[in-house]
Amino acid sequence: MQSARIWFQKPATAITLTQCKEYLQGMGVEVIDTEWRLEGYVVPQLHVTNPSNFLMQLEDDSWVVEEAEEISRSAPEALRGRLSNCEARLSFGDASDESVTTTDRGIFVMAGWTSFDPEEPQARELLEALTRMVDGIFEDNTTGTWWVPTVR
């Protein structure tokens with residue numbers, strides 16, 4: 001689940017997956033709730049199904065702060081200070097049919113290495129919008145590029 005990440009500082013009122021879902025749906029995007037499960041561990045996710053197909057999850061645990069600080073050391077110099085202060089991130093990955101299972105209890109997705117391409121034009125448009133929504137820094141792990149969207 002690491003094709004791309006959007007790093008950001010937590011605002012006074014926490015950002016939720018529900019807000020992300022509503023934001024995307026307001027853009028005409030098809031989004032459904034799903035989750036990743038392993039034994040008793042459950043991670044809520046969103047499955048964007050149209051116009052692109054990918055999974056996203058919100059990570060705002062204390063370890064994200066440590067990882068942001070660590071990753072900031074290898075990020076472009078202009079982003080290092082801002083990135084080292086990030087406390088949360090949205091992570092994005094593949095939602096291929098092989099990894100999505102629908103049962104009478106819901107839709108379940110096993111996260112792993114992904115082939116999701118954040119540079120795909122329809123995905124990129126949504127990722128840019130989400131980056132603006134959270135005032136974040138976008139990291140494309142497939143190409144190693146970083147960007148901060150310009151204000152429209």
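This is a predicted model: local features need pLDDT of at least 70, side-chain atom pairs count only at pLDDT 80 or more; totals for chains, interfaces and linings use all residues.

Trainee: Why is Pro51 called partly exposed?

Mentor: Its relative accessible area is 34%. Buried needs under 20% and exposed needs over 50%, so Pro51 falls in between and counts as partly exposed.

Trainee: What does Pro51 touch beyond its sequence neighbours?

Mentor: Leaving out residues within four places in sequence, Pro51 is in contact with Val29, Gln122 and Leu126. Gln122 is 71 residues away in sequence, yet the C-alpha atoms of Pro51 and Gln122 are 6.4 Å apart.

Trainee: What about the strands on either side of that loop? How do you know that E3 and E4 pair?

Mentor: Pairing takes at least two bridges, and E3 and E4 have three, in the antiparallel sense. Leu46 stands opposite Met56 in E4. The two strands form a hairpin with three residues between them.

Trainee: And which strand does E4 meet over six bridges?

Mentor: That's E5 (residues 88-94), again antiparallel. Phe54 has Asp94 as its bridge partner in E5.

Trainee: What makes E4 "mostly covered"?

Mentor: Six of its six residues are buried. Phe54, Met56 and Leu58 point one way, while Leu55, Gln57 and Glu59 point the other way. In a regular strand the side chains alternate between the two faces of the sheet.

Trainee: Which residues touch the most other members of the largest nonpolar core?

Mentor: Leu24, Met56, Leu90 and Phe92, out of 25 residues in that core. The elements giving two or more residues are strand E1 (4-8), H1, E3, E4, E5 and H4. H4 gives the most, with five residues.

Trainee: What does Leu90 touch?

Mentor: Not counting residues up to four places away in sequence, Leu90 touches Ala4, Arg5, Ile6, Phe8, Cys20, Met56, Gln57, Leu58 and Val134. There's also a second, separate core of ten residues, which includes Trp7, Ala68, Leu83 and Ile137.

Trainee: On to charges. How many salt bridges are there?

Mentor: The count comes to eight. Take Lys21 and Asp33 as one of the pairs, with their closest N and O atoms 2.9 Å apart. This pair links distant parts of the chain, with Lys21 in helix H1 (residues 17-26) and Asp33 in strand E2 (residues 30-38), twelve residues apart.

Trainee: Why is Lys21 called buried?

Mentor: Its relative accessibility is 17%. The label needs a value under 20%, so Lys21 counts as buried.

Trainee: What makes Arg82 and Asp135 a salt bridge?

Mentor: The N to O distance between their side chains is 3.3 Å, and the limit is 4 Å, so the pair qualifies. Arg82 lies in helix H3 (residues 77-84) and Asp135 in the loop between H4 and strand E8 (137-140), so the pair ties together parts that are 53 residues apart in sequence.

Trainee: Are these two partners buried, partly exposed or exposed?

Mentor: Arg82 is partly exposed at 32% relative accessibility. Asp135 has 57%; the exposed label needs over 50%, so Asp135 gets it.

Trainee: What joins Arg124 and Glu128?

Mentor: A salt bridge, with the closest N and O atoms 3.0 Å apart. Because they are four residues apart in helix H4, about one helical turn separates them. Arg124 is buried, with a relative accessible area of 18%, and Glu128 is buried too, with 19%. Elsewhere, salt bridges that share partners join Arg5, Glu59, Glu67, Arg89 and Glu139 into one network.

Trainee: Where is Glu119 found?

Mentor: In the loop between strand E7 (106-109) and helix H4 (121-134). Glu119 is partly exposed at 35% relative accessibility.

How values were computed:
Residues are numbered from 1 along each chain as its sequence is written. Side-chain values use heavy atoms; hydrogens and water are left out. Buried means under 20% relative accessible area, exposed over 50%, partly exposed in between (1.4 Å probe, protein chains only). Contact means heavy atoms within 4.5 Å. A nonpolar core is a set of buried Ala, Val, Leu, Ile, Met, Phe, Trp, Tyr and Cys residues joined through side-chain atoms within 4.5 Å.
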